[in-house]
Amino acid sequence: MTILFSILLFVHILGAAAIFGGWLANFKNPTVTIWQWYGALVQLITGLAMVGLAEANGGDLNHIKIGVKLVIAIVVAVAAFIGRKKVKAGEEVSTGLAHAVGGMTFINIAVAVLWH
C-alpha cells in the first residue's frame, strides 16, 4: 500500500505542476490550457484516492483540512472546465477565470504544505 500511495502522491504533484506551471507560463496572456484541465482532473481523482487509501489503512486524517482542499479542488476543476469550454468555443477566457485556476491551485498547495 505504501508504494501505491507514493505513486498516487507523485501523480498528484504532477497534476499540481501542470496547473500551476500552465498558469505561470500564460500569466501575461491569461488562458486555461488543456494541461491545466487535465491537471485539475488528476488532482481531484488522485486526492480522493489517497484519502480513501489512507482511511482504509486506518490513517489519522485531518478531515477539516481534507474538506477545505476538496472544495478548492472542485473550484479549480470547475473553473478549468469553464475555461476550456470557452477556448473550444473560440471565446476569450476572462482574466479572473484564468487566474482563479492558478491562484486557487497555489492556495491548495499552500494548504497542503503549511496546514499541520
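The following exercises, with worked solutions, concern a predicted model.

**Exercise 1. Classify the ring pair formed by phenylalanine 20 and phenylalanine 106, and locate both residues in the chain.**

Step 1. The count of aromatic pairs in the model comes to five.

Step 2. For phenylalanine 20 and phenylalanine 106, the ring centres are 5.9 Å apart and the planes stand at 20 degrees. Centres must lie within 6.5 Å for a pair, and planes under 30 degrees apart count as stacked. The pair is therefore stacked.

Step 3. Phenylalanine 20 belongs to helix α1 (residues 2–25), and phenylalanine 106 to helix α4 (residues 95–114). The two are 86 residues apart, and their pair links distant parts of the chain.

**Exercise 2. Determine the geometry of the pair of tryptophan 23 and phenylalanine 27, and name the aromatic cluster that contains them.**

Step 1. The rings of tryptophan 23 and phenylalanine 27 are 5.3 Å apart, centre to centre, with 65 degrees between the planes.

Step 2. Planes over 60 degrees apart count as edge-to-face, so this pair is edge-to-face.

Step 3. Phe20, Trp23, Phe27 and Phe106 make up one aromatic cluster.

**Exercise 3. Identify the residues of the nonpolar surface patch and the helix that gives the most to it.**

Step 1. Leu48, Leu70, Ile74, Val78, Phe81 and Ile82 make a nonpolar surface patch of about 490 Å².

Step 2. Helix α3 (residues 63–88) gives the most to this patch, with five residues.

Step 3. Leucine 70 is found in helix α3. Its relative accessibility is 32%, so leucine 70 counts as partly exposed.

**Exercise 4. State how many cavities of 30 Å³ or more the structure holds, and describe the lining of the largest cavity.**

Step 1. There is one cavity of 30 Å³ or more. The largest cavity has a volume of about 50 Å³.

Step 2. Its lining consists of Ile19, Ala40, Gln43, Ala73, Val76, Thr105 and Asn108.

Step 3. The elements that give two or more residues to this lining are α2 (34–56), α3 and α4.

Terms used. Residues are numbered from 1 along each chain as its sequence is written. This is a predicted model: local features need pLDDT of at least 70, side-chain atom pairs count only at pLDDT 80 or more; totals for chains, interfaces and linings use all residues. Side-chain values use heavy atoms; hydrogens and water are left out. Rings of Phe, Tyr and Trp (its six-membered ring) pair if their centres lie within 6.5 Å; planes under 30 degrees apart count as stacked, over 60 as edge-to-face and the rest as tilted. Helices (H or I, at least four residues) and strands (E, at least two) are DSSP runs, numbered from the N terminus. Patches are made of residues with over 30% relative accessible area and no salt bridge: like charges are joined within 9 Å, nonpolar side chains (Val, Leu, Ile, Met, Phe, Trp, Tyr) within 5 Å. Accessible areas come from the Shrake-Rupley method with a 1.4 Å probe; for residues, only the protein chains shown count as cover. A salt bridge is a side-chain nitrogen of Lys or Arg within 4 Å of a carboxyl oxygen of Asp or Glu. Buried means under 20% relative accessible area, exposed over 50%, partly exposed in between (1.4 Å probe, protein chains only). On a 1 Å grid over the protein atoms alone, a cavity is a set of points where a 1.4 Å probe fits but cannot get out, and a pocket is an open set with protein on both sides within 12 Å along at least five of seven lines; lining residues have an atom within 4 Å of a point. Grid points are joined across faces, edges and corners, and a volume is the space filled by probe spheres set on the points.
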